[in-house]
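Reader: Hello! Could you walk me through this structure with a few questions and answers?

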Amino acid sequence: MQQSNAYIITFSIILTVVLGLLLSGTSEVLKPIQKKAEELDTKKQILGAVMSADEISGMKPEEINAFYESRISSRVVNIEGEEVEEQDGVQVTAETVDVGKNYKKAPEDRLYPVFVFHEEGDADAAISYIFPVYGNGLWDNIWGYLALQTDMATIEGITFSHAGETPGLGARITSSDVQQRYKEKSIYSEDGELVSVIMQKGEGKDYSGDPHKVDGLSGATITAEGVNKMLKSYLEHYRAYMEKKKDGAPSMALN
Amino acid sequence: MSTEVAEKEAAVKESEALLSKRRKKLITDPLVDDNPITIQVLGICSALAVTTQMQPTLVMALSVIFVMVMANLSISLLRNKIPTRVRIIVQLAVVASLVTLVNEVLKAFAYDMYKELSVFVGLIITNCIVMGRLEAYALGNKPYDSILDGFGSALGYSWIILTVAFFRELWGSGSLFGIPIFDGISSLVGPDFQLATNGLMVSPVGAFIILGLLIWVQRSKTGYVEH
């Protein structure tokens, strides 16, 4: 049976409208829940830099929110390391700064959130500083949270996420045994130069004696290079702030 | 009065049993004899991609069952209304909407799973099994039969990917549903004993090997030969 063109067009229009309404309706209903899930995920990633993945997966969503409230304080700084309260007349908080959007701007214009992991109830007793990092992997963006101890040189922990790296290859940056490799590494060389920590090409070597190298990802060299570039550039961007907050830095006493 | 009752009874007798022999076959055929993966060799990409662990595989299987049943149902309901010249695009629109629904629900209620499955849920749209059943069955059959047909095919797909995932997670990561199995066995045998995992199983190659073995075992039993 051949239908007339009018029938086909009417059918298509009705179908499109019905399906469109269905989808936009669902999206509208689920949006608040999705937003909460996303926020929780971000908090998990931030906490992941200072806690083990097992600890976090053992916590309920409310516990994570409560723990985050009591142990993390946040601020936003600029490239000079000065704290920023508002931009273009809009108040900014670290939680609402979209690191990915800022990544598209020039480094000088970006906002840099800092999350401070502190003793319970005492926001001044910092244990470690968590810095978001952002960059490009092989296929898409990669990002992460780097936690430095209060000497601003030793890595306390790190988490990575990605938008579209190859599963089993580049996507392994999200696995905790890869992230563990960064622990206790140092971002400054002995003569005080910012050298970051470089993921090596190839996999299976032992770099435990070298504070600036970690074992690579076999088959994911470009992702690893992306990680290296991301860490190096963001450490440079945060450098001014880190200098100010470093253990024994004079400005510490002024605060 | 009495004639009415008799008529009703006759009508009941005429309609097929809810799970008659023919309808049971709709579900059981795709499980082994006409399995979409091992016999028809459809939907291989997702069978390879998501099966490194049991948990995401289970979510994927449930998603495919939902999408196939709902798509078969809606297409079957619309089968006399769908203009033949645009039927493929209509099927695609329905499947794509259902998949988007699944994706949105996962994003809201199982965010970790949403992140892990990422593109693969979206790729259900291109899963040839879904479109294949719509085109071959739902377009020409009644809604209830179409539901059974979709359910059967999705089940045939599901048990294969779950079996592949079982072996891949067990041999590749030494665990099942994230619960370490190899460590448990090793500690039972002795302190110096450690069951090694095989990294090959985690890579897509491992899925090819397991799938190949599965097809081999199945075909040697059923005697199926490709012509």
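Here are some questions with their answers.

Author: Before we start, this is a predicted model, where local features need pLDDT of at least 70, side-chain atom pairs count only at pLDDT 80 or more, and totals for chains, interfaces and linings use all residues. Residues are numbered from 1 along each chain as its sequence is written, while chains are lettered from A and ligands numbered from 1 in the order in which they are written.

Reader: Is L169(A) buried, exposed or partly exposed?

Author: A residue is buried if 20 or more other C-beta atoms, placed from the backbone, lie within 10 Å of its own, exposed if 12 or fewer, and partly exposed in between. L169(A) has 17 such atoms within 10 Å, so it is partly exposed.

Reader: Which residues does L169(A) contact, leaving aside its neighbours within four places in sequence?

Author: Contact here asks for C-beta atoms, placed from the backbone, within 7 Å. L169(A) and L217(A) are 48 residues apart in sequence, yet 7.2 Å apart in space, C-alpha to C-alpha. With those close neighbours in sequence (within four places) left out, the contacts of L169(A) are L217(A), G219(A) and A220(A).

Reader: How many residues does each chain bring to the contact between chain A and chain B?

Author: On the side of chain A that touches chain B, the residues divide into twelve nonpolar (Ala, Val, Leu, Ile, Met, Phe, Trp, Tyr, Cys and Pro), two charged (Asp, Glu, Lys and Arg) and six polar (the others, Gly among them). The contact takes 18 residues from chain B and, from chain A, 20 residues.

How values were computed: Contact = placed C-beta atoms within 7 Å.
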